[in-house]
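Trainee: I would like to learn how to read a few features of a protein model. Could we take them one at a time?

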Amino acid sequence: MLDKKVVELLNLQVNKEFYSAYLYLDFSSFYKDKGLDGFANWYQVQAQEERDHAMLFYQYLHNNNIRPVLEAIDKPAVPMHTLRDPLVAALQHEEYVTGLINEIYGAAQEVKDFRTTQFLDWFVKEQGEEETNANDLITKMDLFGEDPKSLYMLDNELKARVYAAPSLVL
Ligand code: FEO
């Protein structure tokens, strides 16, 4: 039996990950509208990954005989005025999500729920990668964003990102 507080946080994370997917789909839509198909592709793939994260939490709860409660997903409301805005918001969002994962980890550790900490280990690593990726995109935009030719090349680079199923299987 999982601890009540741990279940609560795991359940909340299902919602947070679906929100992340929603947020990144909105970013994708913003860039698509600007004619930057590479950036749009990057965030579309990111949205797919976030749905996977949500489903991993969903599946983990079911694997522990708990039926997840699906709450309403917030409307993405990040103001986007410049091409840089979504990139900065993405980094802030990933830092926030890292905090959420750490909170669940801490709650699980407190009750010696090592099954859950082991499950979360994958997310701890994933968050590190996501923060690095988000940081790199800001750096690239700062380096190349002002020059249309360089921006075109950067956009082409981001077109190459393809979706891959998560390495964590439950
Ligand atoms: Fe599911 Fe971007 O963390």
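Trainee: How many aromatic pairs does a search of the whole structure find?

Mentor: This is a predicted model, and the search finds eleven aromatic pairs in the whole structure. In general, a pair of aromatic rings is described by the distance of the centres and the angle of the planes. Tyr24 and Phe27 form an edge-to-face pair, with 5.7 Å centre to centre and 65° between the planes. Both residues lie in helix H1, three residues apart, about one turn of the helix.

Trainee: Is Tyr24 buried or exposed?

Mentor: Tyr24 is buried, with a relative accessible area of 1%. Phe27 is buried too, at 0%.

Trainee: How is the pair of Phe57 and Phe123 classed?

Mentor: The ring centres of Phe57 and Phe123 are 4.4 Å apart and the planes are at 40°, so the pair is tilted. This pair links distant parts of the chain: Phe57 is in helix H2 and Phe123 in helix H4, 66 residues apart. Both Phe57 and Phe123 are buried.

Trainee: Which residues do ring pairs link into a cluster?

Mentor: The cluster consists of Tyr24, Phe27, Phe30, Tyr31, Phe39 and Tyr43.

Trainee: At what angle do H1 and H3 pack?

Mentor: Two packed helices are described by the angle between their axes and the distance between the axes. For H1 and H3 the angle is about 170°, and the axes are 10 Å apart. Angles over 145 degrees count as roughly antiparallel, so H1 and H3 are roughly antiparallel to each other. The residues of their contact divide into 20 nonpolar, three polar and five charged.

Note on methods: Residues are numbered from 1 along each chain as its sequence is written. This is a predicted model: local features need pLDDT of at least 70, side-chain atom pairs count only at pLDDT 80 or more; totals for chains, interfaces and linings use all residues. Side-chain values use heavy atoms; hydrogens and water are left out. Axes are lines fitted to C-alpha atoms, for helices over the stretch in contact, and angles run from 0 to 180 degrees between N-to-C directions. Helices (H or I, at least four residues) and strands (E, at least two) are DSSP runs, numbered from the N terminus. Angles under 35 degrees count as roughly parallel, over 145 as roughly antiparallel, 65 to 115 as roughly perpendicular and the rest as oblique. Ala, Val, Leu, Ile, Met, Phe, Trp, Tyr, Cys and Pro count as nonpolar, Asp, Glu, Lys and Arg as charged, and the others, Gly among them, as polar. Rings of Phe, Tyr and Trp (its six-membered ring) pair if their centres lie within 6.5 Å; planes under 30 degrees apart count as stacked, over 60 as edge-to-face and the rest as tilted. Buried means under 20% relative accessible area, exposed over 50%, partly exposed in between (1.4 Å probe, protein chains only).
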